[in-house]
Amino acid sequence: MNTGDTAWVLMSTGLVMLMTPGLAFFYGGMVRRKNVLGILMQCFIILCVLSIQWVLFGYSLAFAPGKGFWGGFSWAGLCGVGLDVYKDYAPTIPHQAFMIFQAMFAVITPALIIGAFAERMKFSAFLLFTILWATFVYDPIAHWVWGVGGWLKDLGALDFAGGTVVHINAGMGALAAALLLGKRKGYQNKPIPPHNLPHVVLGTALLWFGWFGFNAGSALAANGLAVSAFVVTNTAAATAGLTWALIEWIHNGKPTIFGTATGVVAGLVAITPAAGFVGPLSAIVIGVFVSIFCYLMVALVKPALGYDDSLDAFGVHGIGGIWGALATGLFATKVINPDGANGLFFGNPRQLLVQAAAVAVTIVYSFVATLIIAKVVDWVVGLRVGEKDEIMGLDLTQHNENAYTLLE
Amino acid sequence: MKLIIAIIKPDRLEAIKQELYAAEVNLITVSEVLGHGRQMGTTEVYRGVKEMGNLLRKVQILIGVNDNFVERTITAILKGGQTGEIGDGKIFVLPLEECIRIRTEEHGPEAIG
């Protein structure tokens, strides 16, 4: 047991927790003002509901040892998950510290999907969807990639902080949800202007800050690897933000703060699986390309295809996550992390194939399972609010509240 | 000259604007207002306390037009604004005494267009 490591992981847990409210502002600023409370509420209730799900059975499904579909119920109610070390996950901190750190990842992943069905989903349907999705999509995939006995882990797939488990997974869930739910009323295949860009920037700042816990905390120790992950996280975020601004400057004549913030988040997404395996110069390359790919996706491909991934949960997290996972197979080096592997550019082309396999499995499973879950929820309670409620806004019709007064 | 004031549902603004452009009415002023008619307002709840009859958000459109433009302006607002639901709003048409373009000091019908 190491007190420094324990302190850092607890600190990182707090940082990752703050990302979900950060995401709430990031997304909340992007919607029309009649729906901002709907977004904030969805993010906050996920913090409440999944914190409980995780303690009751989520952690057990994801991390209890086992070679099956998931980890099973042997650790349900945190039975056997105590304050001693569990060395297969984190050799120097109490098992519960690892558990609560992972809880925050389980919280933010379904919260990312909110961006795809923003401004039109019924609150009851959202709750049911989130619980089912966390249980049948997040928990199994987390087990495959990170759990003892997980088959993608045994295959040798590298995912330092959740590029596959969190971002590709949420991104594909988002795409499936957006396709099934259909477009917002009046959506003309072009963005609806965000109601509060300063909130988007505030949210981005909180995400960037929290992401240091997400990535550097994933070292699970206060050591050199944590520092390396911290440095590449900041480098990739900075590069991607700058790149997006430059693309806009060239393509549209002016750089925008909305674009720069989007680029920063895309950079953070892409470096997530690679942090802890790649060096700072690789992080710059990863950051440049993620903004190019995501920009093409959200500015050109999405409008052309005409689906309404309202806040680009797939366009940024899905695409950025896929690039990050594949880039890990290109740029990973044992110089940074002797427990990792070398990537293609360091003489090991097999790693790229392993990464691609993990990506493909996650894409297919997440997409199909999300479609099924959303369909079931649609039968049970109906996914969408009525047309009149959608026009009135989710704040008033789902929560009986108004975010902003006009007089006083 | 007439002053046309329309109180509409906020989400109909875009459609009304398109209809107005199609009718070559290009000069409009829009403001956000609160109100309710027969539809009555909304119910909101804050810390468990119910507040009834809160005013609904509406959009007010202000257009000054010459007499030969009145009918097509009204038609455009009706076309864009009508959903058939309660709460679609109202159009008021008022006589307009004078209109002055500040930049050129033009008066009357020339100043409007």
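**Group meeting: a two-chain predicted model**

Let's start with one residue: A:Glu119 is buried, because 23 other C-beta atoms lie within 10 Å. Buried here needs 20 or more other C-beta atoms within 10 Å of a residue's own, exposed means 12 or fewer, partly exposed is in between, and the C-beta atoms are placed from the backbone. A:Glu119 also has a positive phi of about 75°, although it is not a glycine. You'll find A:Glu119 in the loop between H3 and helix H4 (123-146) of chain A.

Quick housekeeping. This is a predicted model, where local features need pLDDT of at least 70, side-chain atom pairs count only at pLDDT 80 or more, and totals for chains, interfaces and linings use all residues. Residues are numbered from 1 along each chain as its sequence is written, while chains are lettered from A and ligands numbered from 1 in the order in which they are written.

Okay, chain A overall. It has 14 helices and two strands; these are DSSP runs, numbered from the N terminus, with helices being H or I of at least four residues and strands being E of at least two. Chain A has a radius of gyration of 20 Å, close to the 22 Å that the globule rule gives for 408 residues, so it is as compact as a globular protein of that length. That radius is taken over C-alpha atoms, and the rule is 2.2 Å times the number of residues to the power 0.38. The C-alpha trace of chain A spans about 55 × 50 × 40 Å along its principal axes, and 58% of its 408 residues are buried. As for contacts in chain A with a separation of 6 or more, 76% are between residues 24 or more positions apart. By contact I mean that two residues have their C-beta atoms, placed from the backbone, within 7 Å.

Now back to the helix before our glutamate. A:Phe117 sits in helix H3 of chain A and is buried, with 28 other C-beta atoms within 10 Å. What does A:Phe117 touch, not counting residues up to four places away in sequence? A:Ala177, A:Ala178 and A:Leu181.

The axis of helix H3 (residues 95-117) of chain A comes within 8 Å of the axis of helix H11 (residues 313-331) of chain A, and the two cross at roughly 140°. Those axes are lines fitted to C-alpha atoms, for helices over the stretch in contact, with angles from 0 to 180 degrees between N-to-C directions. H3(A) and H11(A) are therefore oblique to each other; under 35 degrees would be roughly parallel, over 145 roughly antiparallel, 65 to 115 roughly perpendicular, and the rest is oblique. On the H3(A) side we have A:Leu112, A:Ile113, A:Gly115 and A:Ala116, meeting A:Ala313, A:Phe314 and A:His317 in H11(A). By class, that contact has five nonpolar, two polar and no charged residues. Nonpolar is Ala, Val, Leu, Ile, Met, Phe, Trp, Tyr, Cys and Pro, charged is Asp, Glu, Lys and Arg, and the others, Gly among them, are polar.

Next, helix H9 (residues 257-274) of chain A: 18 residues, reaching 26 Å from first C-alpha to last, close to the 26 Å expected at 1.5 Å a residue. The expected span is 1.5 Å times one less than the number of residues. H9(A) is mostly covered, with 16 of its 18 residues buried. After H9(A) comes A:Gly276, with a positive phi near 85°. Then A:Gly279, in the loop between H9 and helix H10 (280-305) of chain A, is partly exposed, with 17 other C-beta atoms within 10 Å. Leaving aside neighbours within four places in sequence, A:Gly279 is in contact with A:Thr333 and A:Ile336.

A:Asn189 isn't a glycine either, yet has a positive phi of about 60°. Is A:Asn189 buried or exposed? With 12 C-beta neighbours inside 10 Å, A:Asn189 counts as exposed.

Last, chain B. It has three helices and six strands, running β-α-β-β-β-β-α-β-α from the N terminus. Its radius of gyration is 17 Å, well over the 13 Å that the globule rule gives for 113 residues, so chain B is more spread out than a compact globule. Of those 113 residues, 16% count as buried. The contact between the chains takes eight residues from chain A and eight residues from chain B. The chain A side has four nonpolar, three polar and one charged residues.
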